[in-house]
Amino acid sequence: MNQSSRPFYWMALSLIGVVIAAYILFPIFWLVLASFKTTGELASLPLTFWPQAPTIEAYTALFDETSQSSQLLNWPTLISNSFIVAVSSTILVVFFGTLAGYAFSRLHFPGRDLILGGLLISRMFQGAALLLPTYRLMNSLNLQDSLLGLILLYSAFGLPFATWIIASSLREIPFELEESAMMDGASRLQSMVRIVLPLATPALITAAMWHFVGAWSEFAFASILMESSDNKTVTIGLASFVELFTIEFNRVGAAATLVAMPIMVVFFFGQRYFTRGLLAGAVKG
Amino acid sequence: MGSVALRDIRKSYGAVEVLHGIDLDVADGEFVVLVGPSGCGKSTLLRSLAGLETISGGEISIDGSSIVHLHPKSRDIAMVFQNYALYPHMNVAKNMGFPLQMAKVSKSEIDEKVAKAAEILSLTQMLKRYPKQLSGGQRQRVAMGRAIVRDPKVFLFDEPLSNLDAALRVQMRTEIKGLHQRLGTTIVYVTHDQIEAMTMADKIVVMKDGHVEQIGAPLDLYDRPANRFVAGFIGSPAMNFMPAKVENGQAVLENGAVLAPAPEGLTEGQAFTAGVRPEHLMVADQGASANVTVVEPTGAELQFVVDLAGTPTLVSTRDRLHLRLGDTLHLEVEAGRLHAFDSETGVRLG
Ligand SMILES: Nc1ncnc2c1ncn2[C@@H]1O[C@H](COP(=O)(O)OP(=O)(O)OP(=O)(O)O)[C@@H](O)[C@H]1O
Ligand SMILES: [Mg+2]
């Protein structure tokens with residue numbers, strides 16, 4: 001690339017980026033705007049883009065005990081269930097992913113690299129193919145329709161990838177630093193906690209973010225496993241909500257915006273970790 | 001106190017043995033330098049002493065008690081690594097205080113000891129900086145500071161100066177030597193630079209291929225190298241070697257020229273490898289004749305290569321001789337400075 005063509009190249013690239021982003025984001029943006037409209041405005045023609053009289057009534061309706069929607073779906077319970085499941089499984093995944101990642105990056109055992117590669121392959125088998133076997137398994141363990149069951153399941157699904165990300169980044173931390181710590185009087189565990197983990201924080205945050213977002217937005221397994229309304233998560237709630245309230249689209253918009261909120265917060269604060277941690281892993285493999 | 005004894009140390013990686021039974025005694029307060037060519041096992045021996053490598057056989061003790069079974073953290077040994085191994089997420093003060101923190105020393109005492117070490121190493125202004133904000137020489141000092149704060153029994157250094165430029169290396173050499181004189185702690189120091197070894201050591205251990213070739217004071221190694229390898233390794237520029245034989249009590253070269261009186265311990269007619277250091281060859285009115293082939297003035301001294309009975313031989317002198325290529329001159333060996341080695345085994349004969 002020579003100097004003169006560079007500005008044009010970047011402009012073209014940015015333009016393509018903006019177009020793609022607009023294409024993807026437009027429906028989402030429209031949905032968010034819809035959540036601030038009244039039912040009447042949504043039903044009237046011609047369609048408006050910006051809310052004529054912005055209101056949060058769709059949101060208050062979600063949490064209004066007397067309203068029809070909150071009787072059918074208890075949003076505070078849905079939200080707290082999702083939080084419990086996503087946060088607990090994130091803690092488990094990062095904790096065990098760190099221990100396993102440390103082992104994969106520091107200890108020598110037969111088949112180490114093969115197993116580490118296998119961890120990534122295991123991700124390819126997730127999804128629909130696993131629904132039925134998982135349901136059977138959870139049933140026989142008596143863990144269906146239980147938050148604990150869902151926590152364990154998500155942790156099992158999330159652990160391989162987290163381990164892989166963490167192991168890749170730990171490999172870039174020179175072992176000499178730990179040797180030095182041991183000479184300075186640290187035990188193996190101390191050298192891991194005091195030296196390695198602080199240096200691996202970006203990778204730990206990346207792993208935590210990936211897992212949290214995945215667990216928060218998981219739908220398929222939650223929907224087949226969670227039967228009682230006390231145990232449902234936000235994604236199930238949202239799906240039933242769409243069926244129940246197609247007419248009152250402002251409420252669908254409000255619910256969807258609410259569900260997306262934690263993910264947006266995570267991205268907002270952790271964007272640089274999201275790409276950096278992954279790149280670090282990608283380069284080293 | 002910190003006297004170290006290594007007995008018959010062996011280390012194998014898989015089927016390959018890289019240390020073949022090393023014996024070494026280090027007295028309390030002694031500065032011992034391990035020197036030898038790359039790959040001879042210096043680092044492996046040092047790391048075995050540190051506990052970072054598990055030895056395959058032998059016995060290591062400090063002050064008479066065995067430490068072989070001890071984890072590195074319990075050996076009371078501090079180590080300065082070649083790449084310094086400073087903790088990137090801690091500032092200089094935290095780096096230096098880390099060993100004390102591990103030893104559960106109180107906060108105020110840590111501050112006090114770190115301040116004192118920083119004072120010794122002229123790091124007081126740097127305490128709040130992070131390693132990446134320091135120059136190579138400053139990092140080196142922080143690494144040393146981290147080693148000295150807790151007053152260990154032994155310091156280990158693995159090629160600590162190899163990442164520094166030549167001028168800084170000379171300066172740090174003096175600083176480390178000064179630090180040793182001040183603290184009086186036992187030091188085992190690895191280098192492949194024989195000048196570092198000669199200038200710093202109380203005692204030098206010359207290693208080759210996992211064996212100890214010779215142990216001795218710097219000048220002992222220089223004056224009486226135990227074999228041809230040590231003779232060639234210690235001293236700069238390196239010793240000249242040439243085939244010779246004893247005739248009428250004289251060391252005679254292949255062309256019949258007489259080099260010097262034969263060293264004691266050789267028998268009449270015996271063939272051997274003669275060794276002479278460049279600085280011990282003198283231009284004289286008589287003696288073996290030689291043709292000048294290369295002249296290299298360095299300022300302080302003059303180095304030139306002559307053809308001595310078919311062997312290119314380096315001579316170094318402080319005299320300002322006016323030499324031209326092709327000049328013929330006569331060379332003599334300073335009295336008692338001719339070394340004799342077995343032509344086959346390289347062992348010193350006299
Ligand atoms: N982890 C290992 N696995 C197998 N062989 C090793 C290992 N570490 C070192 N070696 C071998 O042991 C021998 C001694 O290595 P060592 O690092 O002690 O040499 P050294 O004298 O310190 O060399 P240098 O001056 O280059 O640092 C070398 O032949 C090296 O190849
Ligand atoms: Mg080495």
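Into which domains is chain B divided? Chain B consists of domain 1 (4–233) and domain 2 (240–341), with bounds from an automatic or database domain assignment. This is a predicted model, in which local features need pLDDT of at least 70 and side-chain atom pairs count only at pLDDT 80 or more, while totals for chains, interfaces and linings use all residues. Residues are numbered from 1 along each chain as its sequence is written, and side-chain values use heavy atoms, with hydrogens and water left out.

**View 1. The interface of chain A and chain B.** Chain A contributes 16 residues and chain B 22 residues to the contact (heavy atoms within 4.5 Å). Together the two chains bury about 1,800 Å², 62% of it on carbon and sulfur atoms (accessible area, 1.4 Å probe, that two parts lose on being put together, summed over both). Of the area that chain A buries against chain B, 38% is supplied by A:Met183, A:Asp184 and A:Arg194, more than by any other three residues.

**View 2. A salt bridge between B:Arg47 and A:Glu179.** The closest N and O atoms of this pair are 2.7 Å apart (a salt bridge is a side-chain nitrogen of Lys or Arg within 4 Å of a carboxyl oxygen of Asp or Glu). Across the interface of chain A and chain B there are 2 salt bridges.

**View 3. The contact between domain 1 and domain 2 of chain B.** Each domain of chain B gives 8 residues to the contact, and the two bury about 720 Å² between them, 54% of it on carbon and sulfur atoms. B:Tyr222, B:Arg228 and B:Ala231 supply 70% of the area that domain 1 buries against domain 2. B:Asp223 forms a salt bridge with B:Arg337, their closest N and O atoms being 3.1 Å apart.

Definitions and conventions:
Chains lettered and ligands numbered in written order.
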